[in-house]
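Work through the exercises below with the model open. Try each task before reading its solution.

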Amino acid sequence: MLITPLLLEKEPLELDEKLPALDYTPDVRQVGVLAVNGRAELLAEHRGPREIVQDIRLRAKYSGDFEVLCARCVDPVPQHIEGEFDLLFRPTGIDAGQGERSISEAETEIGYYEKSGLVLEDVVREQVLLSLPGRTLCREDCKGLCPRCGQNLNQGSCDCEDRTVDPRWNALADLASRMKS
Ligand SMILES: [Zn+2]
Ligand SMILES: [Zn+2]
């Protein structure tokens, strides 16, 4: 959904969206729709007597179900994710050359929108990714995968587990198996 200043000129836009699965990162998958409720509005930012900058303020809540891969065993872990944001977007390029003067830490978080407009999905995707914990585990004591054979060690041990093999013997074993085949 593209939000443009023109669209908001007369009145704010109420958002009540059910977004189909977006592309996140390879380890994050959206399950079902993502509900987004909020409002987009235009804010006129007066800069000097003549210059008026058209900012888009986007406030919304989002909520949806996800599957995030366990950082150790890469099994999908169901996660319900919800949150809210209140962001201000300025036309891209408007702050160029002004350095950091116009952006203070105390201000609302500031982003930029392209000439064509602000893509709601892009904003929501970023917010969802920001709200995820840095690392997801299927359980605290997940045993992960065997680094040698890839066996999921939560489901059972593998043959390589107890054998601590000297790397030099690996090279020999490789050679032997290549000669056999
Ligand atoms: Zn795991
Ligand atoms: Zn193994």
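**Exercise 1. Classify D141 by accessibility, then find its salt-bridge partner.**

Solution. D141 has a relative accessible area of 52%. Buried means under 20%, exposed over 50%, and partly exposed in between (1.4 Å probe, protein chains only). D141 is therefore exposed. Next, the partner: R139 forms a salt bridge with D141, with the closest N and O atoms 3.0 Å apart. The criterion is a side-chain nitrogen of Lys or Arg within 4 Å of a carboxyl oxygen of Asp or Glu. R139 is partly exposed, at 35%.

This is a predicted model: local features need pLDDT of at least 70, side-chain atom pairs count only at pLDDT 80 or more, and totals for chains, interfaces and linings use all residues. Residues are numbered from 1 along each chain as its sequence is written, chains are lettered from A and ligands numbered from 1 in the order in which they are written, and side-chain values use heavy atoms, leaving out hydrogens and water.

**Exercise 2. Survey the other salt bridges: how many does the whole structure hold?**

Solution. The search finds eight. Take R47 and E45: their closest N and O atoms are 3.2 Å apart. R47 is buried, at 14%. E45 is buried too, at 18%. Shared partners join E45, R47 and R90 into one network.

Now take R125 and D122, where the N to O distance is 2.9 Å. Both sit in helix α2, three residues apart, so about one helical turn separates them. Helices (H or I, at least four residues) and strands (E, at least two) are DSSP runs, numbered from the N terminus. R125 is partly exposed, at 24%. D122 is partly exposed as well, at 40%.

**Exercise 3. Describe the site of the zinc ion (ligand 1): which residues are its protein donors, and what is its geometry?**

Solution. Start with the donors: the SG atoms of C70, C73, C138 and C142 lie 2.2 to 2.4 Å from the zinc ion. Donors are N, O and S atoms within 2.8 Å of the metal (3.2 Å for Na, K and Ca); water is not among the atoms, so sites may look incomplete. Then the spacing in sequence: C-x2-C-x64-C-x3-C. Last, the angles: they run from 106 to 115 degrees, and the site is tetrahedral. Four donors count as tetrahedral if all angles lie between 85 and 135 degrees. C70 and C73 are buried.

Technical notes: Four donors count as tetrahedral if all angles lie between 85 and 135 degrees; four count as square planar and six as octahedral if opposite donors are over 155 degrees apart and all others between 65 and 115; anything else is irregular.
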